[in-house]
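Trainee: Please take me through one part of this model in detail. I would like to look at the surroundings of the ligand.

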Amino acid sequence: MNAPESVARPVSAPSLERSRLAQRLRRVLRGQVRFDAFSRGRYATDASIYQVEPVGVVVPADEEDVLATIDLARETGTAILPRGAGTSQCGQTVGQALVIDTSPKLNGIVALDRDAARVEVQPGVVLDHLNAFLKPHGLWFPVDVSTSAQATLGGMAGNNSCGSRSIAYGNMVHNVVGIDAVLADGTQEFFGPFGADASRPMGSARTARLVSSLFELGARERDEIARMWPTVMRRVGGYNLDVFHPRSERPYTADGSVNLAHLLVGSEGTLAWFRRLHLKLAPLPGHKVLGVVNFPSFHQAMASAQHIVRLGPVAVELVDRTMIELARANPVFRPVIETALIGQPDAILLVEFAGDEHAALVRRLARLDELMADLGLPGSVVSMSAEAPQKALWEVRKAGLNIMMSLRGDGKPVSFIEDCAVPLEHLAEYTARLTEVFARHGTRGTWYAHASVGTLHVRPILDMRRGDASRMRAIAEEAAALVRQYKGAFSGEHGDGLVRTEWVGWQFGPRLVRAFEELKDLFDPDGLMNPGKIVRGTRMDDERLFRFPPGYRARPLATALDWSAWNVHTDPQTEHSTAPGTGEDPAGGFAKAVEMCNNNGHCRKFDAGTMCPSWRVTRDEQHGVRGRANTLRLALSGQLGPDALVAPAMRDTMSLCVGCKGCRRECPTGVDMARMKIEFLHHWRARHGLGLRERLVARLPRHARLLARLDWLIGLRNRVPLLARAGERLLGIAAGRSLPRWQWRGFLESADAAAAPRRAGRPGLPPVILWADSFSDRFEPDNLRAARRVLEAAGYSVSVARPAAADPDRRALCCGRTLLGAGLVDEAREEARRVIAALLPAVDGGAVVVGLEPSCLLTMRDEFLALGLGDTARRLAGSALLFEEFLVREQRAGRLELPLQPIGATRALVHGHCHQKAFEAFTPVMQVLSWIPGLQARAIESSCCGMAGAFGYEAEHFGLSMAMGEASLLPAVREAPADTLVVADGTSCRHQILDGAGRRAEHVAVVLARAIAPASSGTP
Ligand SMILES: Cc1cc2nc3c(=O)[nH]c(=O)nc-3n(C[C@H](O)[C@H](O)[C@H](O)COP(=O)(O)OP(=O)(O)OC[C@H]3O[C@@H](n4cnc5c(N)ncnc54)[C@H](O)[C@@H]3O)c2cc1C
Ligand code: SF4
Ligand code: SF4
């Protein structure tokens, strides 16, 4: 095809004009107006390969704000760009325009008509939130996109999104029944069901004219639509001009009549702003069953799809071998995927049946089994009829793309032909031939997703910064030829945006492109709505619009932490990576670690898990993992000017990251913002020094003895509000927060803490070194006593960690957590060296280091490895376990003898420390509690408690800290009956629970110590 000429890279509006616009907006809006470079940078990308700096960002407080913004934009000739979660893959939400982010505030569910199964929503409502609201009513909105936890209804309508179950429910266009829209000239109109002609009265002369022109256009192009339009259901490119002449294999309306809302669906913000959406709901199916078909070859899976759909499933989804292997390598997904596999399949198809009668569904599973036997694959189906395993497996499938994106190095799977749709009978041949195309171009792709509707996702691995734009175009052209041959659609799910607008002409022909342009001009004659998308676009390979254009390079940076594991090259065909440190990142791998964020937005989540507490309470792009990663990337590559890494705006961006490590585990590409914050703080401190409060907190363990002597003063401060307020003014410690009390005599100073074991261990058991962290030692020494008692009762010889004999510094050992929290990496490294010197000889001799405080002990398993301490740190990390982890390990090894008796309590409510969750170390807490006879333990579905070390004590963060606690933890604790035990292993978590819910929580060691049968009890 002939590519259009490149247009000049959009340049930002001159700064004076911009600042005038910003001022005017600030005068009239109640919401936020953000025109600074950092904010604009955060909104310059979505989940595509593009990056264009917007003019500015508006976060409207209400609908009036949006109307005022549209008015001002029109008056000043500024383009506008509506945005939801910004998870578009084609560049729909990037552009040189004023971005209107509706996701934080315009997220109301306006009206539900249960009988008619209709709901009216604002555009910023997230799909999962809507479905959670609808569930008690037995209804749901069935366009179940993979990004359901992030995607907004406005964005879904903008993109004509499609879910896994589209074979049963259709796309957005089949499920939106009306849109209250605002045009660029301020005209407001309801677009909805229409007769066969333009007879319905409209709200204004402007919209009456618009509608009659639209009908004329539709009538005029009828023959061309019939000639050029792909008939597959999964066609989302171009404008839905086929509302006037239905072409989709699934009609938009039951009777074929026109609904003008359907013309707006899929318009990618280019025609109007959607103020309200009226949606059609479906009854929640009473039951679902899942058959997982295991295929020895990918080709067989593809060839079988056309037969399987005849059984009437609601979904048939593909997971290929690469994806299976990637899921297996992920600790969260491994146990789930393994339940679905028979041997080593090359691909699996997830076949779901839904309905109200369970027995009938089970019969359909049996028919699937028979069908597969007829197709030569007897015994290839894993049947799942219980809800929990099905749900878990769907989560793995939904995370498919994200799992794939976890590839390190500069080459990344790129989305540009990832949703071509072909008729099912051609699927096997199409995928085989496209795989050959990839191989010819020296790359490969991983296939997954919607086999039921012929839309398979695939992303070849390309490195745009090393000139792969031409390969992208060449592959796109060959893929397009195949799609044409099989009479498919080039854009079957993700829309046009920047990557595919130029292909609209290829798909629909020049005449319909002109019709699309006319349609655009009828709605938006001045071209103000998201220009350059669907019509009049740029080339897909216009390198000036790339996030990583050729020659993109980070600035040199001497990092404090070791990031070499990210500093690699990965071969696009074999996916093998070079050795750590060989990736030519001038920032030592830090930049590449940051670049792992592909903007998919998974961190904008509210459901189970930890990530990201600051996003959960602020809903602010700046305070999510993605916002932080983008800001760091722009700073590290010099795009925010010199010294941006240590600018106050960068500090603000990082300030609400509580270092919970939720992202380390839950971000599908493993963006570890907690570690990045330490790196950032190191550079910040180097430039700006350390404040008094930070200095005090960082060296708290060092001053523990002195503080213990001053505990009376702390007690006084806790009782006398005047003193608390003075403390807030002087030190910035929140007056509303109680301070923990220091014990005059800590555990390490007591007789219980004799370094040497008090008793010999049972033969065959490893010696235990009890790690007495500074906080357990001084705040709650009884926890350490309890742990020692349990371990000794189980027959272990327990010594207490003490400095090495040769250590010139006789202070207690310290993991350095508080130093790392202040960015004092060099000091933390020295502490780590002391710890290693003290413990490694015994560890090398087979001893295990056992600790109570998750954030301390796990520092040895995490940050110690990034301090450049080599193999010594790795050896220690391999033998450092939390108390409950150790017990579970020993039990599994058949070595644990710990008779336990009832403790009186029958219920326990358990809060997991974020770091426990990040290291898969929370399950052992629940396991250990389950050993106590008569005790039922339940985990609270909570994110971070909000205390997060010093964060919750800081005056400026106190409110936010409490809000984090209130998100789920504190209400759950308050609701618990008085006789329920509250268990939390983190010192800070226990403090937050006490402050926020007035309940005393206990460490699991204390609970277990109470359950020790008297006969097995060790020294008290
Ligand atoms: C990992 C991953 C998986 C995905 N899986 C799927 C999938 O299964 N199915 C699928 O269809 N897509 C999928 N997508 C693409 C994307 O998530 C969906 O299209 C999603 O519906 C977009 O929602 P959003 O809120 O992020 O919209 P945004 O990206 O913010 O916006 C989408 C478009 O809608 C426009 N828009 C937003 N709000 C309004 C408004 N109020 N008025 C007018 N226009 C508006 C925007 O201008 C833009 O053009 C996936 C993306 C990723 C990264
Ligand atoms: S930080 Fe992780 S979860 Fe968030 S957008 Fe980036 S890659 Fe996705
Ligand atoms: S460490 Fe926690 S608070 Fe910080 S970005 Fe990651 S999830 Fe968010």
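Mentor: Start with Thr-87: an N or O atom in its side chain is 2.6 Å from an oxygen atom of ligand 1. That is a polar contact, meaning a pair of N or O atoms within 3.5 Å. Phe-274 uses its backbone instead, with an N or O atom 2.8 Å from a nitrogen atom of ligand 1. Glu-493 comes in through its side chain, where an N or O atom is 3.0 Å from a nitrogen atom of the ligand. On its own, ligand 1 has 970 Å² of accessible area, and the protein covers 98% of that. Areas follow the Shrake-Rupley method with a 1.4 Å probe.

Now the shell. It holds 36 residues, each with a heavy atom within 4 Å of the ligand. Thr-87 is among the closest, along with Pro-82, Gly-84, Ser-88 and Cys-162. Strand S3 (80-83), helix H5 (153-159), strand S10 (273-280) and helix H15 (400-404) each give two or more residues. H5 gives the largest share, five residues. Helices here are DSSP runs (H or I) of at least four residues, and strands (E) of at least two, numbered from the N terminus.

By type, the shell has 13 nonpolar, 20 polar and three charged residues. Asp, Glu, Lys and Arg count as charged, while Gly is among the polar ones.

A word on the basis: this is a predicted model, where local features need pLDDT of at least 70, side-chain atom pairs need 80 or more, and totals for chains, interfaces and linings use all residues. Residues are numbered from 1 along each chain as written, chains are lettered from A and ligands numbered from 1 in written order, and side-chain values use heavy atoms, without hydrogens or water.

Methods: A polar contact is a pair of N or O atoms within 3.5 Å; within protein, one must be able to donate a hydrogen and the other to accept it, and residues adjacent in sequence count only if both atoms are side-chain atoms.
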